[in-house]
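Please read it alongside the model.

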Amino acid sequence: MTPVVLITGFLGAGKTTLINQLLRGDHGLRIAAIVNDFGAINIDAALLADAADSVIGLENGCICCALQGDLLRSLRLVLERSPDLIVIEASGGSDPRGILEVLSDPILTGFLRTDAVAALVDAEDLAAAPQRLRDPLWQAQVRAADFALISKGSLSPGLQAQLAMFRKPLISLQDQGIPLALLLGESGALRKAPEPGRVTADHLASLEWESPLPLDPEGFTAALQEIAPQLLRAKGWLRFAPASGDLHLLQLAGQRASLSPAPPRSDVTGAKLVLIGLREGFEPEELARALDQSRRIG
């Protein structure tokens with residue numbers, strides 16, 4: 001299934017800027033971006049003249065699709081290009097739950113899965129209009145997200161304290177850059193698995209954990225609940241005992257976690273996970289120890 005990342009946020013928060021950076025990031029992925037307007041995307045004018053079905057192929061293998069009406073139609077168009085990842089820009093004046101409902105349509109669930117939802121929070125806008133925190137639409141955009149990405153500066157301690165009520169991890173784009181490992185998840189983190197404990201950015205740390213043995217379901221559930229407070233992201237494949245041969249895909253983003261059937265993989269006999277969290281408070285040895293206890297013995 002093709003993973004989908006949804007970028008939401010209020011008008012002018014910087015969603016298109018973020019998508020431009022994703023399209024040109026050093027990740028080696030064929031990204032399909034579905035955007036509201038080609039105008040703000042950094043695309044050569046000659047390519048715009050040759051656009052077919054509102055889809056443009058970029059030099060690095062990525063594509064861009066202008067969202068004109070039906071999201072289902074746009075998704076079908078980009079799926080025909082077999083991208084590694086689809087990034088959707090939600091309108092700044094819309095509730096992203098509408099898009100999430102489309103992505104959960106039974107017609108699509110066999111082809112797509114929602115990988116992460118990121119909300120852009122404009123620090124300049126909040127400083128000038130702190131009443132934005134009480135706006136129902138603004139709140140809906142943040143509540144739907146797994147992460148809040150702070151754009152256009154830093155938040156004051158007072159605003160940070162008020163944002164804490166949403167219980168979302170806050171990532172500063174100004175100080176820390178685009179958190180590719182969080183946004184790309186399995187597509188990026190597992191494709192280029194980091195060394196255990198390696199810092200993937202100044203503010204992020206990661207751990208790759210593997211088990212040659214299948215896991216005890218109850219033991220793994222207990223371990224995940226124990227280590228979840230340290231995690232922003234967890235992605236990977238699991239087999240549970242008794243070893244039936246079934247493989248499962250674990251996805252954790254923020255407070256949202258899911259386990260779904262996965263296609264067979266000969267290189268996973270027990271488990272292969274990548275865990276990502278904020279560097280401060282991320283304890284690789286503690287995480288590995290908790291997961292080691294979930295291995296099936298005997």
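**Cysteines, salt bridges and rings**

1. Cys65 counts as buried, at 0% relative accessibility (buried is under 20% relative accessible area, exposed over 50%, partly exposed in between, with a 1.4 Å probe and protein chains only). Cys64 is likewise given 0% relative accessibility and counts as buried.

2. This is a predicted model, in which local features need pLDDT of at least 70 and side-chain atom pairs count only at pLDDT 80 or more, while totals for chains, interfaces and linings use all residues. Residues are numbered from 1 along each chain as its sequence is written, and side-chain values use heavy atoms, with hydrogens and water left out.

3. The disulfide count is zero, a disulfide being a pair of cysteine sulfur atoms within 2.5 Å. For Cys64, the closest cysteine sulfur is that of Cys65, at 7.7 Å, which is too far for a bond. Cys65 is therefore in no disulfide either, since its nearest cysteine sulfur, in Cys64, is 7.7 Å away.

4. The protein chain has 13 helices and 14 strands (DSSP runs numbered from the N terminus: helices are H or I with at least four residues, strands are E with at least two). Of its 298 residues, 52% count as buried. The accessible surface of the chain is about 13700 Å², and 50% of that belongs to carbon and sulfur atoms (Shrake-Rupley method with a 1.4 Å probe; for residues, only the protein chains shown count as cover).

5. Contacts in the chain were also sorted by sequence separation. Among those between residues at least 6 apart, 70% join residues at least 24 apart, where contact means heavy atoms within 4.5 Å.

6. How many salt bridges does the structure hold? There are eight, each defined as a side-chain nitrogen of Lys or Arg within 4 Å of a carboxyl oxygen of Asp or Glu. Side chains of opposite charge can pair when their charged atoms come close.

7. Asp115 and Arg233 form one of these salt bridges, with N to O at 3.1 Å. Asp115 is in strand 6 (residues 112–122) and Arg233 in strand 11 (residues 233–238), so the pair ties together parts 118 residues apart in sequence. Both residues are buried. Asp115 and Arg233 also belong to a network of salt bridges that links them with Arg113 and Lys235.

8. Asp146 and Arg256 form another salt bridge, their closest N and O atoms being 2.5 Å apart. Arg256 lies in strand 13 (residues 256–262), and Asp146 in the loop between helix 7 (136–143) and strand 7 (147–151), so parts 110 residues apart in sequence are tied together. Arg256 counts as partly exposed at 33% relative accessibility, whereas Asp146 counts as buried at 5%.

9. Arg97 and Asp95 also meet through their side chains in a salt bridge, 2.5 Å from N to O. Asp95 is partly exposed, with a relative accessible area of 27%.

10. A search of the whole structure finds two aromatic pairs (rings of Phe, Tyr and Trp, the last by its six-membered ring, with centres within 6.5 Å; planes under 30 degrees apart are stacked, over 60 edge-to-face and the rest tilted). One of them joins Trp138 and Phe166, with centres 5.7 Å apart and planes at 65°, so the pair is edge-to-face. Trp138 is in helix 7 and Phe166 in the loop between helix 8 (157–163) and strand 8 (170–172), so the pair ties together parts 28 residues apart in sequence. Trp138 and Phe166 are both buried.

11. What sits over the ring of Trp237? The charged end of Arg265 does, 3.8 Å from the ring centre (the rule asks for NZ of Lys or CZ of Arg within 6 Å of the ring centre and within 35 degrees of the ring normal).
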